[in-house]
Amino acid sequence: MKRLSAFVIPFALSACAVTPSQQSGTQPVEIRFAAQINGQAFECGKSYSGVGTTKSSITPSDFRLYVSQVELLTADGKAVPVALNQDKTWQLENIALLDFENGQGPCRNGTPATNMSVRGSVPVGNYSGVKFTVGVPFARNHGDPTVSPAPLSSTAMFWNWQGGYKFIKFDMASSGQPAVTAPPAAHGGGNASGFSVHLGSTVCASASRTQAPSGCQNSNRMEIRLSDFNPANNVVVIDMGRVLANSNVDINTAGTSPGCMSFPKDADCPAVMGALGLAYDGVPAAGSQQLISKK
Ligand SMILES: [Cu+2]
């Protein structure tokens, strides 16, 4: 009987002309992301004019971020998780790293590989929107990157056990703060020159920077929901120029991290955190987040 079944099974499969994904009732989905500065495509080392309150010219040197808990929305608003392809490079569990820098020019501290989409599958169905979080879930946010699987193995994207990962890492030089090689910030910011936007959890309760916390006062995760979004036709736009619109990127408040690295009591942060739609130093954001839209 065993020998017979070994012949029967392949025969049965070949007679049935469905693909493996149809058999399991799922369909593949790819959600594409485009990084921009005020509507222009992001490129390492390119100069962008008219940024911030001083209409500064900026030159970016890094742009990476984590997204997680990606879900598609049905017409009646139900959120259906996207099962991410576990590719051992960019996607782990429900977490994906988007990487828009290619290691060229001023992005030399980055990586040659880039990643501009999230890939996975959903149950067969009709979807009309997308929902995701910018950030790493708490349960995965305070581990050790040197022993974590990719994409949580990036030490460049990590502060320390206490703070966890940088959810967003955007670095740049500006007219007023040209790129110079400086030692990393005390907060572990890295690329400590120019004006940076590093988003992550802050005021995390643990005995020291090298111990995982029980929780964080400011989780600083961004919840994004885009309706009328069809992955086949639409792209998620991530525009740092819009986040910097009300910031003076030509100066840095003395004694604080370059730009805004989410930490409390940094005068460079209210305009940035507000544009991310996040409360800062106990003050709620005045409006909704400006970073993410669709086209
Ligand atoms: Cu890269």
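User: How many cavities of 30 Å³ or more does a search of the whole structure find?

Analyst: One. Keep in mind that this is a predicted model. The volume of that largest cavity comes out at about 40 Å³.

User: Which residues line the largest cavity?

Analyst: The lining is made up of T202, N218, N220, S262, P264, M273, A279, Y280 and D281. By class, that gives four nonpolar, four polar and one charged.

User: OK, on to pockets. What volume does the second largest pocket have?

Analyst: About 190 Å³. Twelve residues line the second largest pocket, and the ones nearest its centre are Q162, G163, T202, V203 and F263. T202 also turns up in the lining of the largest cavity.

User: Which strands supply at least two residues each to that pocket's lining?

Analyst: β11 (158-160) and β15 (202-204). The largest share comes from β15, with three residues.

User: And how does the lining of the second largest pocket split by class?

Analyst: Five residues are nonpolar, six are polar and one is charged.

User: Is E101 buried or exposed?

Analyst: E101 is buried, at a relative accessible area of 0%. A113 is partly exposed, at 39%.

User: Disulfides next. How many does the structure hold?

Analyst: Three. Counting bonded cysteines along the chain, they pair up as 1-2, 3-4, 5-6.

User: Which cysteine is C44 joined to?

Analyst: C44 is bonded to C107, with an S to S distance of 2.1 Å. The link connects distant parts of the chain, 63 residues apart: C44 is in the loop between β2 (40-41) and β3 (48-51), while C107 is in the loop between β8 and β9.

User: Why is the disulfide of C44 and C107 left-handed?

Analyst: Because the torsion about its S-S bond is about -100 degrees. C44 and C107 are both buried, by the way.

User: What about C204, which partner does it have?

Analyst: C204 is joined to C216, S to S 2.1 Å. C204 sits in strand β15 and C216 in strand β16 (residues 216-218), twelve residues apart, and the pair links distant parts of the chain. The torsion about the S-S bond of C204 and C216 is about 105 degrees, so that disulfide is right-handed.

User: Is C204 buried or exposed?

Analyst: C204 counts as buried, because its relative accessibility is 10% and the cut-off for buried is under 20%. Strand β15 is also the one that gives the second largest pocket three lining residues.

User: And how far apart are the sulfur atoms of C260 and C269?

Analyst: They are 2.0 Å apart in that disulfide. The link of C260 and C269 is right-handed, with 100 degrees about the S-S bond. C260 is buried at 0% relative accessibility, and C269 is buried at 0% too.

User: Last topic, W161. Where is W161 found?

Analyst: In the loop between β11 and β12 (164-165). W161 is partly exposed, with a relative accessible area of 28%.

User: Which residues does W161 touch, leaving out those up to four places away in sequence?

Analyst: The contacts of W161 are H142, G143, D144, R209, T210, Q211, A212 and P213.

User: What separates the C-alpha atoms of W161 and S208?

Analyst: A distance of 8.6 Å, with W161 and S208 being 47 residues apart along the chain.

User: Great, that covers my list.

Key
Residues numbered from 1 in each chain as written. Predicted model: local features only at pLDDT ≥ 70, side-chain atom pairs only at ≥ 80, totals over all residues. Heavy atoms only, no water. 1 Å grid on protein atoms, 1.4 Å probe; cavity = no way out; pocket = protein on both sides within 12 Å on 5 of 7 lines; lining within 4 Å. Points joined across faces, edges and corners; volume = space filled by probe spheres on them. Helix = DSSP H or I, 4+ residues; strand = E, 2+ residues; numbered from the N terminus. Nonpolar A, V, L, I, M, F, W, Y, C, P; charged D, E, K, R; others polar. Buried < 20%, exposed > 50% of the residue type's maximum accessible area, 1.4 Å probe, protein only. Disulfide = S-S within 2.5 Å. Contact = heavy atoms within 4.5 Å.
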